[in-house]
Amino acid sequence: MDSSKKTINVKVNGESYEVSIKPKMTLLQLLRNELGLTGTKQACMDNSCGACTVIVNKMAVKACSVLAMQVNGKEVTTVEGLASKDGKLSILQEAFLEHSAFQCGFCSPGKLMSSTAMLEELENPTEEDIRRDMEGNLCRCTGYVQYLEAIKSVVQKRKEGKI
Amino acid sequence: MKDFEYFSASSLQEACSLISQYKDVGKVLAGGQSLITLLRQKLISPTCLIDIKGLKELDYIEFDKKSGLRIGALTTHRAIEKSPLIQEKYDVLSEMEKSVASVQTRNWGTIGGNLCSADPIGDPAPSLIVLGAKIKLVSAKGERVVALEDFFTDYFTTIIEPDEILAEIQLPPPAPNTAVEYMKFATIEAGIKIVSTSVAVTVEAGSDVCKDAKIVMSAVAPVPLITKKAAEMLKGKKLTDDVIEEAAKMAASETDPTTDVHASAEYRKEIVKVLVKRATKKAFEKAKKA
């Protein structure tokens, strides 16, 4: 083993991993390059765009700006972990499809992770809450309205007791 | 990013001992929301990082009626934003935190890390300075408490010694007959601020005369800027629109902004006038009712 490497234990999408990494590895590199979870996207690499958003211990974070060493012992959820094991999409994923909340789709995994974390935290987010909590996810196709509608539709279903 | 040695400190004491050992080549890592970008862009290349993010002993928000508020340096922005205690006693901090970067950054980034990165566009420093913040710096040799307004010396530069760690932010109890207002101007909410300002106004009890005022701004100078002359113009006066207007003009003349991709220096000065006017007026109205 390379002596400069360190071992971390991390749970990703319910699976436990023990990996040996260089300390400079980011969480994004760990997910994509070590674990093959390429659903999390690499884009700006300077903590701006939100394409690499994942959930760490229930909080949305930008994986490009967190060292993998710092998630040692923590639970990470990526876009691959949103659907159930048998492939059934999450309610939010379904809502994104229904509302065509994708154009090129590159920012979608990050948006799904931010909105999933928000809906875990807030039972009935207002439009202002949604806009504020989604500020950290940029879409360069400017497809903002559709995914706001998608998120709002999930909130509405909650209010009506349908989910 | 260049390779570095990595240590995860298990206590503040251990962190202090590590940083005293590696002070010439090491950096302290908290949430890393600025540091990781700096490392990636090779603007800095320490050969050793001392990770303190996991230190629970520096993650707290505590209030005492006599001594005021103490925030552990590793408290996240999000925890400050969401703290019912802060919303009740220092609501301006909660308001300000809502616009610090994005939710993702606030979830992982810490208040201590933000202050130590000393970015002149940072929002927390002006609001904390207006509230009279002090900070506690610790090292293996001991500790010292300094006023936050004396902490910053230049762009991305502070008085912190290479072997010191910022451990705590301290605020006095909320002052009577005082209101503090935070306002910012940015093209998008979570984006880079063109200018932001925090204004505190204290009125004479039962009157509408301004007894004390403080105006602090970000993004208009190499450090959080206290516009003393403008604040002086408010003291002892009834804050009519004219008085506030003159003070806002003075505030703009005290700034030394630069031109960058986000705004020209001239434009920033104009925005200063508008923001100081609005924030002072609002703080004054609130202080009368406080």
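Reply: Chain B has 11 helices and 14 strands, where helices (H or I, at least four residues) and strands (E, at least two) are DSSP runs numbered from the N terminus. Its radius of gyration is 19 Å, close to the 19 Å from the globule rule for 290 residues, so chain B is as compact as a globular protein of that length. (That radius is taken over C-alpha atoms, and the rule is 2.2 Å times the number of residues to the power 0.38.)

Before going further, keep in mind that this is a predicted model: local features need pLDDT of at least 70 and side-chain atom pairs count only at pLDDT 80 or more, while totals for chains, interfaces and linings use all residues. Residues are numbered from 1 along each chain as its sequence is written, and chains are lettered from A and ligands numbered from 1 in the order in which they are written.

Back to chain B. Its C-alpha atoms fill a box of roughly 60 × 45 × 30 Å along the principal axes. Of its 290 residues, 53% count as buried; that label needs 20 or more other C-beta atoms within 10 Å of the residue's own, with 12 or fewer making it exposed, anything in between partly exposed, and C-beta atoms placed from the backbone. Take the contacts in chain B between residues at least 6 apart in sequence: 64% of them join residues at least 24 apart. A contact here means two C-beta atoms, placed from the backbone, within 7 Å.

Two strands pair with it. One is β6(B), residues 134–139, antiparallel over five bridges; pairing takes at least two DSSP bridges between the strands. In that pair, Ile135(B) sits opposite Ile169(B) of β10(B). The other is β5(B), also antiparallel to β10(B), over four bridges, with Gly72(B) facing Glu168(B) of β10(B).

Ala118(B) has phi near 55 degrees, positive in a residue other than glycine. You'll find Ala118(B) in the loop between α7 (111–117) and α8 (124–130) of chain B, and with 22 C-beta neighbours inside 10 Å it counts as buried. Ala219(B) isn't a glycine either, yet its phi is positive at about 70 degrees. Its loop runs between β13 (210–218) and β14 (225–226) of chain B, and with 30 C-beta neighbours inside 10 Å Ala219(B) is buried as well.

Next, the partner. The contact between the chains takes 21 residues from chain B and 25 residues from chain A. On the chain B side, β1 (5–8), α2 (35–40) and α6 (103–108) are the elements that give two or more residues, and α6(B) gives the most, with five. By class, that side has seven nonpolar, eight polar and six charged residues. (Ala, Val, Leu, Ile, Met, Phe, Trp, Tyr, Cys and Pro count as nonpolar, Asp, Glu, Lys and Arg as charged, and the others, Gly among them, as polar.)

Chain A itself is divided into domain 1 (6–81) and domain 2 (91–159), with bounds from an automatic or database domain assignment. The two domain centres, taken over C-alpha atoms, are 21 Å apart. Their contact takes 14 residues from domain 1 of chain A and 13 residues from domain 2 of chain A. On the domain 1 side, β3 (53–56) and β4 (59–62) of chain A each supply at least two residues, and β3(A) has the largest share with three. That side divides into eight nonpolar, four polar and two charged residues.

Last stop, α1(A), residues 27–34. Its buried residues are Leu27(A), Leu28(A), Leu30(A) and Leu31(A). Seen down the axis of α1(A), these fall within an arc of 170 degrees, so they line one face of the helix; the arc is that of the directions from the helix axis to the C-beta atoms. What covers them includes β2 (15–21) and β3 of chain A. After α1(A) comes Gly36(A), with a positive phi near 70 degrees.
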